[in-house]
Amino acid sequence: MAAVDEFKNKSIDEVLKELQTNIEKGLSEDEVKERLKKYGLNEIPEKEEPIWHRIFRRFWGPIPWMIEIAAILSASVQKWEDFTIIIILLFVNAGVDFWQEHKALSALKVLKEKLAKKTVVLRDGVWKEIDARYIVPGDIIKLKIGDIIPADVKLIQGDFMLVDQSALTGESLPVTKKVGDVAYANSVIKQGEMIAVVVATGLDTYFGKTVKLVAKAEKEERSHFQEMVIKVGNFLIVLTLIIVALMILFELNRGADWKELLRFSLVLTVAAIPVALPAVLTVTMAIGALYLAKRQVIVSRLASIEELAGVDVLCSDKTGTLTKNQMTVSVPFTVDGYKTEDLMFYAALASKEENRDPIEIPIFDWLKEHKLYEKVKGCKQEKFIPFDPVRKRTEAVVNCNNEKLVVTKGAPQVIIELCDETEFSKEVAYQRVEEFAEKGFRTLGVAHKKPDEQKFHFVGLIPLFDPPREDSKPAIQEAKRYGVEVKMVTGDNIAVARYIAKLLGIGDKIYSARELRGETYEEYVVLAKVLTKAFLKVEEGLSEKEAEKKAQKIAQLVEKELEGMKLPAGTIKRHESEIIRIIEEASGFAEVFPEDKYFIVDKLQKADHIVGMTGDGVNDAPALRKADCGIAVSNATDAARAAAALVLLSPGLMVIVKAIEIARQIFGRMEAYTIYRIAETIRVVFFMALSIMIFQFYPVTALMIILLALLNDIPILSIAYDNAKISPKPVRWDMYEINIMAFWLGIAGVISSFLLFFLLVEYWKLPEDLIQSIIFTKLVVAGHGTIYNTRVKDWFWKKPWPSPILFVATFGTRLLGTIIAVYGFGLITPVGWEWALFIWGYAIIWFLFNDAVKMAILKMYWAKKFFFAPGHFTWLKKEMGEKVKQG
């Protein structure tokens with residue numbers, strides 16, 4: 001709880017006494033020094049990580065270790081070409097990661113810089129301007145129009161202030177603050193001037209609490225991408241080391257030359273360790289980021305692309321995201337004898353356009369749109385009394401064509417009571433006020449009279465609301481089509497939220513954040529309705545229908561009474577599982593604070609959802625950072641942009657939907673490469689090791705392994721440009737599916753290599769060096785064929801077809817490998833074109849067989865049939881756990 005909350009319900013005298021300050025003199029300089037020691041400076045503390053440590057982090061951890069081990073092994077066998085390539089891959093990974101972090105602004109730093117710089121404070125009875133970082137709790141400060149409030153304060157003197165705190169709370173309109181109210185740090189004063197006492201500074205402010213949440217989210221940040229790369233890397237390293245260790249033991253027992261065996265083992269390990277895996281996946285995402293940038297989406301954290309592809313719940317802020325964040329006139333209500341044009345004309349006369357009041361701007365916009373603006377300009381405003389919280393209305397004396405008029409607009413209840421009730425039905429007017437309130441509209445009453453008249457003439461009501469963006473509804477429908485549920489999360493009141501949700505088709509289950517905080521009064525409302533209905537039926541003898549109607553009305557009144565009431569702590573207690581269920585079922589939440597948004601994202605993540613969060617204000621920053629994929633919309637604050645993983649340059653949700661399409665395409669490329677890389681490791685390592693252990697024969701030389709690694713890994717970077725299918729559902733790393741697909745494709749590759757090996761040795765009885773060259777040719781030609789098996793989860797000839805870049809790169813390296821094998825070039829024994837063409841035919845036949853294996857595996861996987869693969873038992877355990885949950 002922020003410190004300001006403790007002072008909300010206390011009187012001014014109690015606050016001044018507790019803070020030991022004086023409204024006439026303020027604090028003394030000595031007292032300020034003591035409080036600075038106790039509370040610290042009014043700023044957001046930030047410990048910056050040294051640049052050397054940021055660089056060092058890129059070379060420490062499982063993924064860098066994986067590459068560094070490969071480099072050491074290469075150097076140990078003095079294969080400097082391979083060593084150079086591996087080192088380049090290491091620095092590419094580190095460089096791209098460091099550049100991305102450096103490019104993205106630090107959320108804490110931006111939040112810190114948002115604090116107000118100067119403020120006017122009362123010290124020792126003298127008003128002075130000081131740096132805002134030196135104010136302390138108990139300081140008396142002066143606030144005026146245009147100021148950014150420097151700390152959380154309690155207002156103690158003055159008439160009123162109009163404060164814009166939308167960036168903090170998500171409210172779409174400035175709020176009126178009067179004596180006794182609290183105001184938050186970093187909200188902006190739009191009107192008025194008041195004296196206030198500081199009650200909280202720095203991290204103790206409402207704003208500071210937001211910063212703490214951002215910092216907490218950064219510490220808890222997780223990346224499915226990083227987890228997956230570590231799992232794949234660890235699996236391949238362990239698998240390779242086990243096979244190589246077994247091979248060494250077998251051969252040493254047979255009396256093999258340990259030097260040659262060790263050298264070959266080291267080279268085989270280097271070739272098998274997926275040193276290019278992080279680089280290929282990083283480059284794939286980096287190229288995807290460039291493509292997203294062309295679509296007006298800036299990526300500040302590369303891993304967020306993969307997270308976006310898996311988002312299944314998108315929590316969207318309302319103000320400025322789903323809506324335009326500008327008030328608009330809905331369908332007005334006028335009494336008999338007046339038209340809408342009259343209503344808007346009189347409302348404009350009771351306004352002052354140059355004040356740029358957000359409530360008055362839509363009135364003038366309406367008049368301009370309907371070509372009535374010049375009519376207003378024909379009248380001269382002689383006197384204007386601005387709105388204040390006591391009168392709750394504006395009033396103006398105007399001269400129109402030498403005829404004086406007094407016009408007023410403001411709170412509808414106030415305006416209605418000022419008017420001659422014989423001219424209109426007050427009951428009907430109040431009924432319309434209620435109807436507008438139920439929709440969450442901000443309503444203005446408008447009236448006029450002549451200077452000598454006592455009563456005003458009521459003209460009508462102007463309902464104002466923040467309308468949805470034109471593209472919001474189709475974007476939400478498109479998101480649903482892609483399996484993404486959109487939940488609206490807003491600081492606005494529940495009536496506004498329900499109305500907007502209904503317009504956009506989000507759903508009708510919009511709850512107050514009270515539901516999350518255990519402050520719900522739903523049970524009391526239901527109880528009130530049940531008791532009232534029973535009483536009316538028994539005591540009043542009303543029919544079921546009549547009792548139901550009256551009970552509903554009374555329940556609504558009870559709900560309104562409870563809205564502002566603080567319920568006893570712990571009145572309603574819910575288990576975490578029930579809270580998660582409510583959040584999952586809800587279409588959205590209203591009246592939320594930053595910690596509520598953070599809480600919602602956290603609980604959805606605990607329920608195994610991949611959560612996207614959109615927002616534009618400081619209040620959204622913690623949830624944006626906490627979410628798997630935080631998205632700052634266009635015109636977002638610096639704090640929101642810094643906390644987000646993606647920043648939109650174009651307005652509207654449709655940009656996000658297009659980004660989801662691209663992200664899923666990028667994910668498809670990464671998944672295809674991952675399966676390919678695991679399969680290739682299994683294919684090469686198993687075949688090499690088993691050949692040596694069973695047949696005591698080295699199927700390829702150490703040099704061939706190096707050539708094979710280069711020809712297989714480097715060109716595959718072109719997969720970043722491949723055409724990938726866009727999944728209709730959210731995607732995530734399914735290691736079970738990846739493992740079984742890679743395992744069986746790898747085993748098929750091992751079988752094909754052994755069959756060829758058997759034919760060459762037993763049937764054709766070829767020389768050893770020629771056999772090695774032919775096996776090398778087969779591994780080169782067949783290697784990239786696997787990527788065409790893995791790139792689509794269907795028969796290889798189905799769309800989307802390979803991109804020209806991928807085809808040229810992979811076909812070109814197969815051709816290059818073939819030419820090396822045919823002519824030898826002093827590196828290997830030449831095989832000639834006859835054997836080369838035979839190998840191409842052999843590889844094509846096995847490629848078709850591998851595709852059939854893939855389709856069989858997919859069919860069994862989708863049917864959840866039992867078959868062995870690495871990771872199967874983890875999957876089986878998860879399945880059994882799900883069945884137990886379901887009973």
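How many strands form the open sheet, and in what order? Eight strands take part, in the order E8-E22-E21-E20-E9-E17-E19-E18, and the pairing is mixed. Strands are DSSP runs (E, at least two residues), just as helices are DSSP runs (H or I, at least four residues), and both are numbered from the N terminus. Two strands pair if DSSP finds at least two bridges between them. The structure is a predicted model, in which local features need pLDDT of at least 70 and side-chain atom pairs count only at pLDDT 80 or more, while totals for chains, interfaces and linings use all residues. Residues are numbered from 1 along each chain as its sequence is written, and side-chain values use heavy atoms, with hydrogens and water left out.

Strand E7 (residues 188-200) runs antiparallel to strand E3 (residues 140-144), with five bridges between them, and Lys142 faces Ile195 in E7 as its opposite residue. Strand E4 (residues 152-164) is also antiparallel to E7, this time through 10 bridges. Along that pairing, Asp164 stands opposite Val188, and Leu155 has Ala196 as its bridge partner. E4 has other antiparallel partners too: two bridges join E4 to strand E6 (residues 182-183), where Lys154 is opposite Val182, and three bridges join E4 to strand E5 (residues 175-177), where Val163 is partnered by Val175.

Turning to the helices, how far apart are the end C-alpha atoms of helix H30? They are 40 Å apart, which agrees with the 42 Å that the 29 residues of H30 (residues 735-763) should span at 1.5 Å a residue. The expected span is 1.5 Å times one less than the number of residues. H30 is mostly covered, with 21 of its 29 residues buried; buried means under 20% relative accessible area, exposed over 50%, and partly exposed in between (1.4 Å probe, protein chains only). At the N-terminal end, Asp734 caps H30, with a side-chain oxygen 3.2 Å from the backbone nitrogen of Tyr736. Just after H30, Lys765 takes a positive phi of about 50°.

Finally, which cysteines does the disulfide join? The structure holds one disulfide, a pair of cysteine sulfur atoms within 2.5 Å, and it joins Cys379 to Cys400 with an S to S distance of 1.9 Å. This pair links distant parts of the chain, 21 residues apart: Cys379 lies in strand E12 (residues 379-385) and Cys400 in strand E13 (residues 393-400). The link is right-handed, with 120° about the S-S bond, and both Cys379 and Cys400 are buried. Cys315 also counts as buried because its relative accessibility is 1%, and Cys419 is buried with a relative accessible area of 3%.

Terms used:
A polar contact is a pair of N or O atoms within 3.5 Å; within protein, one must be able to donate a hydrogen and the other to accept it, and residues adjacent in sequence count only if both atoms are side-chain atoms.
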